[in-house]
Amino acid sequence: MNDHLRVRLDAYSQRASAHRQRLRWAAWYVLSVLIFESRWPWPSRIKCAILRLFGARIGVGVVIKPNVKIKFPWNLEIGDYVWIGEQVWIDNLDTVVVGSHVCISQGAYLLTGNHDYKKVTFDLITRPIKIHDGAWIGARALIAPGVVIADHSVIYAGTVVSKDTEPFSIYQSQSATKIRQRIIQE
């Protein structure tokens with residue numbers, strides 16, 4: 001074990017473009033905390049208008065429940081008649097596209113970013129998520145970076161989805177199986 005390199009979080013560096021966006025991030029953060037992450041039931045039409053103001057593309061009939069966290073609205077596209085349940089977290093460091101007539105149930109987590117565990121510098125890796133029309137993401141499900149949820153797929157509560165799904169299919173799994181040793185590279 002001692003012959004492996006060790007992770008060095010002090011060597012991690014954010015992209016330069018991130019620093020130029022501080023004002024927009026600050027404004028979004030304040031509105032997110034006050035309106036979206038609040039338990040107060042602000043009307044969905046107000047939430048959708050705010051998301052559009054920050055660059056999101058939002059369809060009609062979208063319902064956004066209280067206590068929803070959206071990292072960056074400018075990386076978000078939502079179709080028509082989408083329901084987003086309480087405590088959903090759209091962690092969209094990369095693009096998240098949600099089709100129409102999609103239900104994202106309470107506590108679901110859409111994760112577009114991760115770190116390269118093989119690198120000493122623990123580099124950030126992002127990949128988009130796409131959820132096609134008619135899909136249902138169950139409560140507390142996790143959708144991993146780069147995943148495409150096909151038309152009318154159903155993801156059971158608590159399921160971790162790390163691969164693309166097939167249309168009109170149902171998915172359920174919660175296994176954590178060792179897959180390989182971690183080897184860190186320079």
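How are helix 2 and helix 3 oriented to each other, roughly parallel or roughly antiparallel?

I began with this pair, noting that the model is predicted, that local features need pLDDT of at least 70 and side-chain atom pairs pLDDT 80 or more, and that totals for chains, interfaces and linings use all residues. I number residues from 1 along each chain as its sequence is written, and my side-chain values use heavy atoms, with hydrogens and water left out.

**Helix pair.** I took helices (H or I, at least four residues) and strands (E, at least two) as DSSP runs numbered from the N terminus. The axes of helix 2 (residues 22–36) and helix 3 (residues 44–53) come within 11 Å and cross at roughly 170 degrees, where axes are lines fitted to C-alpha atoms over the stretch in contact and angles run from 0 to 180 degrees between N-to-C directions. The two helices are therefore roughly antiparallel (under 35 degrees is roughly parallel, over 145 roughly antiparallel, 65 to 115 roughly perpendicular, the rest oblique). Looking up the contact (heavy atoms within 4.5 Å), I found Trp 28, Leu 31, Ile 35 and Phe 36 on helix 2, and Lys 47, Ile 50 and Leu 51 on helix 3.

**Salt bridges.** Counting a side-chain nitrogen of Lys or Arg within 4 Å of a carboxyl oxygen of Asp or Glu, I have 2 salt bridges. Glu 77 and Arg 57 meet at 2.9 Å, N to O, and this pair links strand 4 (residues 76–78) with strand 1 (residues 57–58), 20 residues apart. For burial I used relative accessible area (buried under 20%, exposed over 50%, partly exposed in between, with a 1.4 Å probe and protein chains only): Glu 77 is partly exposed at 30%, and Arg 57 is partly exposed at 48%. In the other bridge, the closest N and O atoms of Lys 71 and Asp 91 are 3.4 Å apart; here Lys 71 is partly exposed at 28%, whereas Asp 91 is buried at 6%.

**Aromatic rings.** I noted 5 aromatic pairs, meaning rings of Phe, Tyr and Trp (its six-membered ring) with centres within 6.5 Å, stacked if the planes are under 30 degrees apart, edge-to-face if over 60 and tilted otherwise. Trp 25 and Phe 72 are stacked, at 5.5 Å centre to centre and 20 degrees between the planes. Trp 25 lies in helix 2 and Phe 72 in the loop between strand 3 and strand 4, so the pair ties together parts 47 residues apart in sequence. I then found that Trp 25, Phe 72 and Trp 74 form one aromatic cluster, in which Phe 72 is buried at 14% and Trp 74 is buried at 17%.
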